[in-house]
Amino acid sequence: MLGERMTSMRLTRVQVRRVDVIKPIKGRRTAVRASQRKRSLLEGGRVASVLRHGKRLALAAEDGRVLEFGLGMSGHLEYTEEIESRPEQPHEHLRWRLEDSEGRARGMLIWRDPRRFGGVTPLPSLDALRKRQWSHLGPDALSVEELGFIARLKEGSAAIKTRLLDQTVLAGVGNIYADEALFRAGINPVRKASRISASRLGCLHRAVEAVLSEAICAGGSSIRTFRDPEGKMGGFQESHAVYGRQGQRCEQCRTLIRGRTVGGRTTAWCPGCQR
Ligand SMILES: [Zn+2]
């Protein structure tokens, strides 16, 4: 676990390659002042805990400072035991050195976000994280109860796929996972959520849990879930039933898999298996 490996490590030598990945707290206009930047990025702080909620992570320092990471579509936080010798890869926006309690370098933490839909937000406390930055998020998709899942998805008149991707409804389901879970549950992604029976939504709940858990296993460790919120890495990509397979035949029923945009996102489904 990323959390276990990083707890009590000290973050030092912050390197900022791109200032614009640092975002203001939700609802504010300006990010931290340049003079405060490194401190706000937890420089000198010792990691007390690593938190995750949906596609968002946070590092809390023992002194109370918090740094939040919105993974967006391509953001990932990587822990590596290589030290500065590691050649810099493209899109490395922030780097920290990790030191143990004796001051020995133990690794590096690297924030990369090629598409830059994500961002890093400094916060003064865990209270600010929960009450401001994460207050709009729905429950985490891997911990929500079935009844809560059904009730939240059923509200409003949007397509089920749109509801699943809406992070205020449920936090943590990315585009690929949504398509794969809908396939397993046999639900057409454009069907209105409010018109799907509770028992079918119950199936979808189990499918979401299964797909997200498998993605974690395929990646080999939970750090991979942090690396790739959209499921493009690890072994999960080889096991797609519908995602990215538009125009090919469904492995289950041989019907041609269709594709279209739903709620602004590429969507694939099997008209034979999904109603
Ligand atoms: Zn099919």
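This is a predicted model: local features need pLDDT of at least 70, side-chain atom pairs count only at pLDDT 80 or more; totals for chains, interfaces and linings use all residues.
Let me start with helix 6, whose buried residues are Asn175, Ile176, Tyr177, Ala178, Asp179, Glu180, Ala181, Leu182, Phe183 and Ala185; a residue is called buried if 20 or more other C-beta atoms lie within 10 Å of its own, exposed if 12 or fewer, and partly exposed in between, with the C-beta atoms placed from the backbone. That makes ten of the eleven residues of this helix, which runs over residues 175-185, so helix 6 is largely enclosed by the rest of the structure. Following helix 6 comes Gly186, with a positive phi near 70°. When I speak of helices (H or I, at least four residues) and strands (E, at least two), I mean DSSP runs numbered from the N terminus.

Residues are numbered from 1 along each chain as its sequence is written.

Now to the chain as a whole. Its secondary structure comes to eight helices and ten strands. The radius of gyration of the protein chain, taken over C-alpha atoms, is 20 Å, close to the 19 Å given for 275 residues by the globule rule (2.2 Å times the number of residues to the power 0.38), so the chain is as compact as a globular protein of that length. Along its principal axes the C-alpha trace spans about 60 × 35 × 30 Å, and 40% of the 275 residues count as buried. If we take contacts between residues at least 6 apart in sequence, 63% of them join residues at least 24 apart, where two residues are in contact if their C-beta atoms, placed from the backbone, lie within 7 Å.

The chain is divided into domain 1 (2-133) and domain 2 (146-269), with bounds that come from an automatic or database domain assignment. The C-alpha centres of the two domains lie 29 Å apart.

Four strands form an open sheet in the order 2-3-4-8, with antiparallel pairing; two strands count as paired if DSSP finds at least two bridges between them. Strand 2 (47-53) and strand 8 (119-123) stand at the edges with a single partner strand each, so one side of each is left without a neighbour in the sheet. Strand 4, residues 66-70, pairs with strand 8 in the antiparallel sense over five bridges, and there Leu67 stands opposite Pro122 of strand 8.

Further strand pairs involve strand 6 (residues 92-99). Strand 1 pairs with strand 6 in the antiparallel sense over five bridges, and the bridge partner of Leu11 in strand 6 is Leu98. Strand 6 also pairs with strand 7, residues 105-112, in the antiparallel sense over seven bridges; here Leu98 has Gly107 as its bridge partner in strand 7. The hairpin of strand 6 and strand 7 has five residues between the strands, and in it Gly103 takes a positive phi near 85°.

Finally, Lys26, which has its place in the loop between strand 1 (10-16) and helix 2 (37-40). Is Lys26 buried or partly exposed? Lys26 is partly exposed, with 15 other C-beta atoms within 10 Å. Leaving aside its neighbours within four places in sequence, Lys26 is in contact with Arg132 and Gln133. The C-alpha atoms of Lys26 and Leu147, which are 121 residues apart along the chain, are separated by 29 Å.
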